[in-house]
Amino acid sequence: MKQKIVSSLDAAIADIPDGARIMFGGFGGAGFPNNLIHALSRRGIKNVFAISNNCGTRDGELGIMFKNDQVKHVICSFPGPHSNHFQERFAKGEVTCELVPQGILCERIRTAAAGLLGFYTTVGVGTEVSVGKEERVIDGKRCILESPIHADFALIKAEKADELGNLTYRLAARNFNPIMAQAARTTIVEVDEIVPVGAIPPENVITPAIFVHRIVQAKGLHYAG
Amino acid sequence: MPDKPRLTREQIAQRAAQELQDGAYVNLGWGIPNLMADHLPKGITVYFHSENGILGMGPRAKAGQEDPDLVDAMKVPVTLIPGASFFSQADAHLMTRGGHLDVAALGGFQVSEKGDLSNWKIPGTKGSGAIGGAMDIAAGSRKLIVCMEHNTKDGAPKIVKECTYPLTGIECTDTIVTDLAVIDVTQEGLELREVAPGWTPEEVQERTGVKLIVRGKVPEMKLD
């Protein structure tokens, strides 16, 4: 059996280089790989190209990466009211940002995961997000061409992994995690618990093990709003 | 001379909630729409959808019973009703974009004569702005209700010929519920369906940036 379990958070991210394209799961305080983010922060890699729904909650979630000036560019949907470290750097031009409608962010990630090269959508037609994109009419509807979003690494959070890497998620902590797990060349998951192969009933698996490359156990961290 | 009393934000939410049918699947956005959950018409059940992958959200969690993994799209700890389900963010937006929800309600900065909506960025403000799920919801909703004040704090109309704020979606709004009126977006233009208690159609028209269509006598909203 291929050994996917990694003994420490630092070891799990030890080969992520400067300038890597990294997806980060999580939404609304739930399902963030906060322990892995801390490890990245300790390691101090720079010029990260981040893909994430939000841009941190003060020092929490991705906030610490912006605070430490580790991110160069971010594709995101909702840099929320507490993404102060991101906003400060954005205002100074130290980080650039592509804002994407949230469902389109999901679909662009899924497009990459599925080996597709793009799709047309009515979302964003006539708005700032359509600037520079091919527009055409299909079925009488104006639509724009959207491109896939790939990543070198995805850092995600799940509740349980078996030793093969089959994953389950807790409540609404699923959000972006299963989508991002499918799209990156290397997916690293932090989980509350690692269980033996067979302990997760096959019909309960949300992310099949084929998408998971490294598993590390860590006690989940949450940051208040 | 000060204006007559307008609806409160709670009352706008109450009137907007009267648009919901029993059994509807519904997404509520930030601001006034979020208040609609507290004002459902008696005897109906609706199934609230959240962009982070929940169908069947119940009321917000009581103090001491919050679970940080069970939050709505505004990060508020919530509960579930029997029959609820979880799914990924992609499936959540497949529901918004694919026309699977019966009704969505969003807040608004401006709505145009054609139903264009601006609600995500105020021009001239610093910062990146934040889109979130609004563009997917605007583009895909079967029925989109926009809940907002009728006028800005300076008294300028928010219902305008063309939106001057950055757009969220084009020709996406079906009904506008404000503190002065209920207005439907139709092929012919904006039709005044109801006015706030104590207001006349003429007074509402004076505070609107677009000529409203008025057919017969316009009734007053009925509020609790």
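Reader: Which residues in α5(A) meet which residues in α3(B)?

Author: This is a predicted model, to start with. On the α5(A) side there are A:Gln102, A:Gly103, A:Cys106, A:Glu107 and A:Arg110, and they meet B:Gln89, B:Ala90, B:His93, B:Thr96 and B:Arg97 in α3(B).

Reader: How do the residues of that contact divide into nonpolar, polar and charged?

Author: The contact of α5(A) with α3(B) has two nonpolar, five polar and three charged residues.

Reader: Left-handed or right-handed crossing?

Author: Left-handed, as α5(A) passes α3(B).

Reader: Zooming out, how many residues does each chain put into the contact?

Author: Chain A gives 39 residues and chain B gives 33.

Reader: Which elements of chain B give two or more residues to the side that touches chain A?

Author: They are α3 and α4 (134-140) of chain B. The largest share comes from α3(B), with five residues. By type, that side of chain B has 14 nonpolar, twelve polar and seven charged residues.

Reader: On to the core. Which residues touch the most other members?

Author: In the largest nonpolar core, which has 127 residues, they are A:Ala154, A:Met180, A:Ala183 and B:Cys147. Strand β8 of chain A (residues 151-162) gives the most to this core, seven residues.

Reader: And what does A:Ala154 touch?

Author: Leaving out residues up to four places away in sequence, A:Ala154 touches A:Met23, A:Met180, A:Ala181, A:Ala183, A:Ala184 and A:Thr187.

Reader: Now the backbone. What is phi of A:Asp69?

Author: Phi of A:Asp69 is near 55 degrees, which is positive in a residue other than glycine. A:Asp69 is in the loop between α3 (63-67) and β3 (71-76) of chain A.

Reader: Why does A:Asp69 count as partly exposed?

Author: Because A:Asp69 has 14 other C-beta atoms within 10 Å, and a residue is buried at 20 or more and exposed at 12 or fewer.

Reader: Where is B:Glu171 found?

Author: B:Glu171 lies in the loop between β9 (159-160) and β10 (175-177) of chain B. Phi of B:Glu171 is near 45 degrees, a positive value in a residue other than glycine. B:Glu171 counts as partly exposed, with 15 C-beta neighbours inside 10 Å.

Key
Residues are numbered from 1 along each chain as its sequence is written. Chains are lettered from A and ligands numbered from 1 in the order in which they are written. This is a predicted model: local features need pLDDT of at least 70, side-chain atom pairs count only at pLDDT 80 or more; totals for chains, interfaces and linings use all residues. A crossing is left-handed if the near helix is turned anticlockwise from the far one by less than a right angle, and right-handed if clockwise. Helices (H or I, at least four residues) and strands (E, at least two) are DSSP runs, numbered from the N terminus. Two residues are in contact if their C-beta atoms, placed from the backbone, lie within 7 Å. Ala, Val, Leu, Ile, Met, Phe, Trp, Tyr, Cys and Pro count as nonpolar, Asp, Glu, Lys and Arg as charged, and the others, Gly among them, as polar. A nonpolar core is a set of buried Ala, Val, Leu, Ile, Met, Phe, Trp, Tyr and Cys residues joined through C-beta atoms within 7 Å.
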